[in-house]
Amino acid sequence: MAYSGTVGQTVVSVQKFIDQGARMAGKLAEELTVEQVQSAKQSLFFILSNLINQGINYWCISKKVYGMNANQFQYLLPVGGNDVLNALYRTMNRPVGSYTSSAGGTVANLYDGNVNTFAQQASANGNFTVNYGTTNPIYAGSIGFLPYISGGGSATWNISLQYSSDGVTYSTLQNLGAVAVTDNVWVWTDIDPGQNVAFYRIVASGGTTLALREWYIGNNSTEITMARLNRDDYTNLPNKNFTANQPFQFWFNRTIPQSTITLWPTPSDPLVQMVVWYSRQVMDVGDLYGELEIPQYFYQAIQCMLAHQISLILPAVELPRIQYLEGQADKYFAMAESENRDKSPIYFAPNISVYTR
């Protein structure tokens, strides 16, 4: 018996979902008008958007590393972010190395810990390099840079991070590509997998002129969980502007268009991080020939749900068929949702202690 020899290689485009949905609703795909196709596409977007209301979509968990700014207590969750799952305060070791520039600038300002100074190169497409010594290789866990833009504002830089064991031949550690940067706002990249090497450099291309307030290569990180506050707990804090090196708690405020993470105490150290794991929406429905950001075990559920919605859009679809499609949608969604879990063990630790008056 000959099998295909492939798994998960069948491509089901947006158009194919819509065409099959029309067939399930009792219509030929070629009968659909342009308006009906667009309406079905919008229904598909609503279906995917509603998945977050059923619980965490485990394929839609993302991570963002925030650089703290001294005296800033509010940070925005990325667009499409739904809820904070874990928020951690992270500190790192900053190894001592020898810094050089390919195109001038006050190199010492890269690592002086003062975000009010900066090193600006004299020409475009240059690089900054750090040498830790061939006998002292460093495994970088996270690399960040704090841009300087004259007069403030934002720009687009083309950046790549590179590494070398001998300072001669460099390889790409992380190609950041075109990065939207804002003056005095950190851009952090966690490196996984990393390299245990002596040389690292940040390289500009595409006409970008490097101007950095700080360039931080960190290793041996320590992460501490921050406790979550509800709205009443936060609003009842007597001193919301209290500052400390480490924020211990956060309040997640579901504002639009982006939710806000409010920290307490207000961080005062600009060289530390906040690591946030968060649930987000499924990616938008793209063009008709694109794919949906859903796992294969959700295909049948989404197909049946879309067919039911299309049956409500198309004229002259009989009520028994609409009701049947609704039942199929519920059945297959329940099956998919029961598999949408991480299957990790759960431990219950009751806090039982002696009660005294």
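Which residues form one aromatic cluster with Trp59? The legends below concern close-up views of a predicted model.

**View 1. An aromatic cluster that includes Trp59.** Trp59 forms one aromatic cluster together with Tyr297, Phe298 and Phe333. A pair of aromatic rings is described by the distance of the centres and the angle of the planes. With ring centres required to lie within 6.5 Å, the count comes to 15 aromatic pairs.

**View 2. The rings of Phe45 and Phe46.** The centres of these two rings, Phe45 and Phe46, are 5.8 Å apart. Their planes meet at 50°, so the pair is tilted; planes count as stacked under 30 degrees and as edge-to-face over 60. Phe45 has a relative accessibility of 34% and therefore counts as partly exposed. Phe46 is also partly exposed, its relative accessible area being 48%.

**View 3. Lysine residues over tyrosine rings.** The charged end of Lys64 is placed over the ring of Tyr66, at 5.0 Å from the ring's centre. Lys240 lies over the face of Tyr234, and here the distance from the ring centre is 5.8 Å.

**View 4. Gln246 and its surroundings.** Gln246 is found in the loop that runs between strand 16 (243–244) and strand 17 (249–253). The relative accessibility of Gln246 is 19%, so this residue counts as buried, the limit for that term being under 20%. When neighbours within four places in sequence are left aside, Gln246 is in contact with Tyr89, Ile224 and Pro265.

Note on methods: Residues numbered from 1 in each chain as written. Predicted model: local features only at pLDDT ≥ 70, side-chain atom pairs only at ≥ 80, totals over all residues. Heavy atoms only, no water. Phe/Tyr/Trp six-rings, centres within 6.5 Å; stacked < 30°, edge-to-face > 60°. Buried < 20%, exposed > 50% of the residue type's maximum accessible area, 1.4 Å probe, protein only. Lys NZ or Arg CZ within 6 Å of the ring centre and 35° of its normal. Helix = DSSP H or I, 4+ residues; strand = E, 2+ residues; numbered from the N terminus. Contact = heavy atoms within 4.5 Å.
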